[in-house]
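Please look at the sequence and the structure below.

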Amino acid sequence: MPKLKDGFLGEQSIILPPMIVDIEERDPLVSSLYITDIGFYPMAEHHYRSRKNGIDQYVLIYCVDGKGWYRVGDKEYQVERNQYFILPAGVPHSYGSCEGQRWTIYWVHFKGAHAAIYAEGAQKPQTIGVAINSHISERNNIFDEILNTLRAGNEIEDLRYASSLLHYYLASMRYLQQWRRAPQLVDIVEAAIHYMEENIERRITLQDVTHYVGFSMSYFSAQFKRKTGVSPLAYFNRLKIRHACQLLEGTDLHVNQICYKLGFEDSLYFSRLFSKIMGVSPTTYRQQNKPNQQNQTKNNQDEKEHL
């Protein structure tokens, strides 16, 4: 059976060069908490890493789908969907997806004067499952903002912004009770939509939704369609495609990366569904709606007019 470190469809990762890490270590603001490596692996099968001597960074792995395992020293743990753990710096460790399973993970290697505070108590799996006030999608958006920031540039202001976001991201896990303080929703359709939004990057079934809200499929489906005009599945697909539109407009992610990020396993199916809902393909939508591409198209037209 193969064991893979990386090379997964739709993956995203950034490894900062030593020169940039040196800048982070010397900056009075960034040195409190900074990133050396960061990435996202969707539906990663046969994923495996082993570091016999450990590394000098803390390693956060946040599993949003599937199952995996990890070993720290002589202790082994299982990790499931909506759980995270932080491997301590300087300790031998290994981890990977479970046999016959694929896991979807966000991961960060980080260091700094305050890194140990966020890692405290997180060597064992920590659960941050979906709840009425869970804000999982907001947390994932923060991660995406960090990636986009580091992808855009390595100026000191970029590094300081990424460091500040990392504080916020880790705090949303370390201080979960404070993060989740919010008014309670009582409407079952609103609660179901919230559940869908929190699971926008996963594949979920009608049974998953009805189990969450606590009603039968027939009753819930009738109430949902009465209020929204569409079935729960159709609504969830529209949410996914709406999020895909935001990614097409606001990022440089490839279409297949967006596909896998949103939990689709088949890029052709994703493109067909997108075209059905939006009336154009993902590529055409990006060409029509992404600002810098629109400006580039206009510039090209202007150049032709002056030739």
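Lys-111 counts as buried because its relative accessibility is 15%, and the cut-off for buried is under 20%. The model is a predicted one. In it, Lys-111 is found in strand E9. Its side chain meets that of Asp-56 in a salt bridge, at 3.1 Å from N to O. This pair links distant parts of the chain: Asp-56 is in the loop between strand E3 (48-51) and strand E4 (58-65), 55 residues away from Lys-111. A polar contact of 3.5 Å also joins the side chain of Lys-111 to that of Glu-25. Leaving aside neighbours within four places in sequence, the residues in contact with Lys-111 include Ser-32, Leu-33, Tyr-34, Thr-36 and Gln-57.

Strand E9 covers residues 102-111, and Arg-102 is part of it. Arg-102 is partly exposed, with a relative accessible area of 33%. The side chain of Arg-102 makes a polar contact of 2.8 Å with the side chain of Glu-265. Beyond its neighbours within four places in sequence, Arg-102 is in contact with residues including Met-43, Asp-65, Lys-67 and Arg-203.

The structure holds 14 salt bridges. One of them is formed by Glu-157 and Arg-160, whose closest N and O atoms are 3.7 Å apart. Both residues lie in helix H4, 3 residues apart, or about one turn of the helix. Glu-157 counts as exposed, at 52% relative accessibility, whereas Arg-160 is partly exposed, with a relative accessible area of 26%.

Another salt bridge is that of Glu-197 with Arg-242, with 4.0 Å between the closest N and O atoms. Here the pair links distant parts of the chain, with Glu-197 in helix H6 (residues 188-198) and Arg-242 in helix H9 (residues 232-250), 45 residues apart. Glu-197 counts as partly exposed at 31% relative accessibility; Arg-242 is partly exposed too, with a relative accessible area of 46%. Elsewhere, salt bridges that share partners join Glu-25, Asp-56 and Lys-111 into one network.

The nonpolar interior comes next. In soluble globular proteins, nonpolar side chains tend to be buried together. The largest nonpolar core has 70 residues, of which Phe-110, Ile-146 and Tyr-169 touch the most other members. Helix H4 (residues 156-174) gives the most to this core, with 8 residues. Apart from this core lies another, of 17 residues, among them Tyr-41, Cys-63, Tyr-77 and Leu-87. Not counting residues up to four places away in sequence, Ile-146 touches Ile-35, Ile-38, Ala-162, Leu-165, Leu-166 and Tyr-169.

Note on methods. Residues numbered from 1 in each chain as written. Predicted model: local features only at pLDDT ≥ 70, side-chain atom pairs only at ≥ 80, totals over all residues. Heavy atoms only, no water. Core = buried A, V, L, I, M, F, W, Y, C linked by side-chain atoms within 4.5 Å. Buried < 20%, exposed > 50% of the residue type's maximum accessible area, 1.4 Å probe, protein only. Helix = DSSP H or I, 4+ residues; strand = E, 2+ residues; numbered from the N terminus. Contact = heavy atoms within 4.5 Å. Polar contact = N/O pair within 3.5 Å; in protein donor to acceptor, adjacent residues only side chain to side chain.
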